[in-house]
Structure formats: C-alpha cells, structure tokens
Amino acid sequence: MPRARPLSPELRREALIEATLPLLYQHGAAVTTRLIAEAAGVAEGTIFRVFSTKDELIDAVLVRAFDPTEFLRRLDEIEPTLPLEERLLRITSIAQQRFLAVFGLLRAMSMVGPPEHLQDHLGLREALEETQRRMLALVEPDADALAVPPDQLLHLLRLLTFAGSHHEIADGRLLSPDQIVRTVLHGVLRHEQES
C-alpha cells in the first residue's frame, strides 16, 4: 500500500491548530506536545517542523479562536426581513455562542483577556467596528420604532449579552438570548392591564 502524500507546511499548520484548540479547553497552557501530536495523528517532532515552540502553536490557536470571520458570516445569514425581535434574538444567540467559546478558552488558559503580545495581530478594534456595522445594517430599518438610536440599542444588547454570558459576572446564572432581548426591548415591568 503506498504511503499517503505528506501535507504541505500550511496544511500541516492548519491541522495542528485544529487539533490543539479542543485540547486547550481541556488542559489549558499545560497541554503537552505529545497530546497535540496524538490528537493530530502526527509524530511529536512534526510539530516543530511547523512551529518553533509550543507557545508559538498556542499563539496561533488563540489567534484562530479570536478570529471573527465565522461570527461575521453567521451575522450575514440573518434575514433582514424578519421581525426586529427575531433579528435581535438571532444576533444575541450568535454573539452569546461566541462569548461562551471565548470565555471558556480564556478560563481554561487562566487569562482574563487576549494576550497583550497578540493584541495587534488579533485586530480586535477592527473586528468590533465591522461587527457594529453589520449589526446596524440589521437594526437601522426599524429605527423609527425605537425609543433610542439603533447604535444605543446594540450597545445595550452587547453589554447585557456579554455580562449574561460570563459565568462569574452572571453569578453562574447565564441569561438566555430570549431573556436578553426581552429585557432590552421590553424592560422588566409588567404591562399595565386594561381596567
């Protein structure tokens, strides 16, 4: 039986990043190159033909984990003709899934935020601006029905989604997307009953 053709360095890099991400959730920075090699189905030495150190591989995984491409793609799939509340529910659900993934990774890595040495590479400011632009496009058609400007609505939605998706901030009582959207759109007061 002929040997499989070896992967290019770029494909090998991608395979190692993919194999390492779930291991970081389980083991944090204590993950070993042996575990990574087993998960990727390669010899341990193969890692060091692609990455000079384990830390360099972990940095590459963190950059991938913070990459907003998939998050933005999912926002683009929201149908703009849906009712406003349904659009906000989908935005919140997508944002909460991202927050939960990022918070879980940071917790596993014993970090409170992305590593400072990766800040410029991550492009977090640009990602936030692009996220805001795409969310605004989904909310602005209903601006006349809102008591606040669309960007303020999104600010409130993002703050409540962030806090309500963070185990420590939420005291372990995470908010559902429905709770978040209903609170932002309708508040917490009961509607007055007609007499």
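Residues are numbered from 1 along each chain as its sequence is written, and side-chain values use heavy atoms, with hydrogens and water left out. Because the model is predicted, local features need pLDDT of at least 70 and side-chain atom pairs count only at pLDDT 80 or more, while totals for chains, interfaces and linings use all residues.

Let's start inside. A nonpolar core here is a set of buried Ala, Val, Leu, Ile, Met, Phe, Trp, Tyr and Cys residues joined through side-chain atoms within 4.5 Å; buried means under 20% relative accessible area, exposed over 50%, and partly exposed in between, with a 1.4 Å probe and protein chains only. The largest such core has 22 residues, and Leu 16, Leu 24, Ile 36 and Leu 57 have the most contacts inside it. At least two residues of this core come from each of α1 (9-27), α2 (33-40), α4 (54-66) and α6 (84-108). Helices are DSSP runs of H or I, at least four residues, numbered from the N terminus. The largest share of the core, six residues, is supplied by α4. Take Leu 16: leaving aside residues up to four places away in sequence, Leu 16 touches Ile 36, Ala 40, Val 42, Ile 47, Val 50, Phe 51 and Leu 57, where contact means heavy atoms within 4.5 Å. There's also a second, separate core of 21 residues, including Ile 91, Phe 99, Met 135 and Leu 138. In soluble globular proteins, nonpolar side chains tend to be buried together.

Val 139 is worth a stop. Val 139 lies in α8 (residues 124-139) and is buried, at 0% relative accessible area. Val 139 and Leu 88 are 51 residues apart in sequence, yet 8.0 Å apart in space, C-alpha to C-alpha. Among the residues that Val 139 touches are Leu 84, Arg 87, Leu 88, Ile 91, Leu 153 and Leu 154, not counting residues up to four places away in sequence.

Now for α6 and its partners. α6 and α9 pack at about 40 degrees with their axes 9 Å apart; axes are lines fitted to C-alpha atoms over the stretch in contact, and angles run from 0 to 180 degrees between N-to-C directions. The two helices are therefore oblique to each other, given that angles under 35 degrees count as roughly parallel, over 145 as roughly antiparallel, 65 to 115 as roughly perpendicular and the rest as oblique. On the α6 side the contact includes Leu 88, Ile 91 and Phe 99, and on the α9 side Leu 153, Leu 157 and Phe 162.

Helix α5 (residues 69-76) packs against α6 at about 170 degrees, with axes 10 Å apart, which makes α5 roughly antiparallel to α6. Phe 71, Arg 74 and Leu 75 of α5 make the contact with Ile 91, Ile 94, Ala 95, Gln 97 and Arg 98 of α6.

Finally, the loops. Most residues other than glycine have a negative phi. Ser 110, though, has a positive phi near 55 degrees; Ser 110 sits in the loop between α6 and α7 (119-122) and is exposed, at 69% relative accessibility. Asp 171 likewise has a positive phi near 55 degrees. Asp 171 is in the loop between α9 (150-164) and α10 (177-186), and is exposed, with a relative accessible area of 66%.
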